[in-house]
Amino acid sequence: QAAAILTLLNACLAIDPGILSSLRPLRSLFKQIVGLPRDPMPAVEDKLAFELGDFRMAHRKTFEALSRALYQEKRVELRVDIKGFPSGRFSPQRFVLTTHGWVLDAMSHRKREIVRIPIVAIESVRVVDVAAEYVVN
């Protein structure tokens, strides 16, 4: 269901990029599907970015775990399968749909900078009960 909502959002944005504000009710449905409490949630446009391309949901469990961490504003410990890329603690910032698939923009607590991680390269996710840090701009 979450994948269907994101597909719908992507299709609507392809037709009219300004339509996202009229789709606000989908936020509460997405929240309900992912199993988050009914407390106020950050705006979808603050957490998702779309950069053209066909929608394809891969690594659903990883995406769901990261979605929960993102909306609960928690840090995550990631093990990433990219040579030379350090695993460790990250603060998820947003998901981005690129022409190459879904990626996660996250602040690396080791590097103290925002990194872009392909969802398909994430081998494991563990949510840490520590508030995420957010980078403005």
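Predicted model: local features only at pLDDT ≥ 70, side-chain atom pairs only at ≥ 80, totals over all residues.
Good morning. I begin with helix α4, residues 60–72: at 1.5 Å a residue, its 13 residues should span 18 Å, and the end C-alpha atoms are 18 Å apart, which agrees. The expected span here is 1.5 Å times one less than the number of residues in the helix. Helices (H or I, at least four residues) and strands (E, at least two) are DSSP runs, numbered from the N terminus.

Residues are numbered from 1 along each chain as its sequence is written, and side-chain values use heavy atoms, with hydrogens and water left out.

Which residues of α4 are buried? They are Thr62, Phe63, Leu66, Ser67, Ala69, Leu70 and Tyr71. Buried means under 20% relative accessible area, exposed means over 50%, and partly exposed lies in between, with a 1.4 Å probe and protein chains only.

Let us take Thr62, a residue of helix α4, as an example. Thr62 counts as buried because its relative accessibility is 14%. Apart from neighbours within four places in sequence, Thr62 is in contact (heavy atoms within 4.5 Å) with Ile119, Ile122 and Val125.

After α4 comes Glu73, with a positive phi near 55 degrees. Glu73 sits in the loop between α4 and β2, and its relative accessible area of 35% makes it partly exposed. Most residues other than glycine have a negative phi. Glu73 is not a glycine, yet its phi is positive. Arg112, in the loop between β4 and β5, is another residue other than glycine with a positive phi, in this case near 60 degrees.

I turn now to the core. A nonpolar core is a set of buried Ala, Val, Leu, Ile, Met, Phe, Trp, Tyr and Cys residues joined through side-chain atoms within 4.5 Å. How many residues does the largest nonpolar core have? It has 20 residues, and those with the most contacts inside it are Leu66, Leu78, Phe90, Phe95, Leu104, Ile117 and Ile119. At least two residues of this core come from each of α4, β2 (74–80), β3 (88–98), β4 (101–108) and β5 (113–118). The element that gives the most to this core is α4, with five residues. As a general remark, nonpolar side chains tend to be buried together in soluble globular proteins.

Next, the aromatic rings. Rings of Phe, Tyr and Trp (its six-membered ring) pair if their centres lie within 6.5 Å; planes under 30 degrees apart count as stacked, over 60 as edge-to-face and the rest as tilted. Four aromatic pairs are counted by this rule. In one of them, the ring centres of Phe85 and Phe90 are 6.2 Å apart and the planes lie at 15 degrees, so the pair is stacked. Phe85 counts as buried at 17% relative accessibility, and Phe90 is buried with a relative accessible area of 1%.

Finally, the charged residues. The structure holds eight salt bridges, each defined as a side-chain nitrogen of Lys or Arg within 4 Å of a carboxyl oxygen of Asp or Glu. I shall describe some of them.

Glu133 forms a salt bridge with Arg75, and their closest N and O atoms are 2.8 Å apart. This pair links distant parts of the chain, with Glu133 in the segment after β6 (122–131) and Arg75 in strand β2, 58 residues apart.

Arg89 forms a salt bridge with Glu77, the closest N and O atoms being 3.1 Å apart. Here strand β3 holds Arg89 and strand β2 holds Glu77, twelve residues apart. Arg89 is partly exposed at 34%, and Glu77 is partly exposed at 26%.

Arg79 forms a salt bridge with Glu123, with 3.0 Å between the closest N and O atoms. Arg79 belongs to strand β2 and Glu123 to strand β6, and the two are 44 residues apart. Relative accessibility is 45% for Arg79, which counts as partly exposed, and 43% for Glu123, which also counts as partly exposed.

Lastly, salt bridges that share partners join Arg75, Arg112 and Glu133 into one network. Thank you for your attention.
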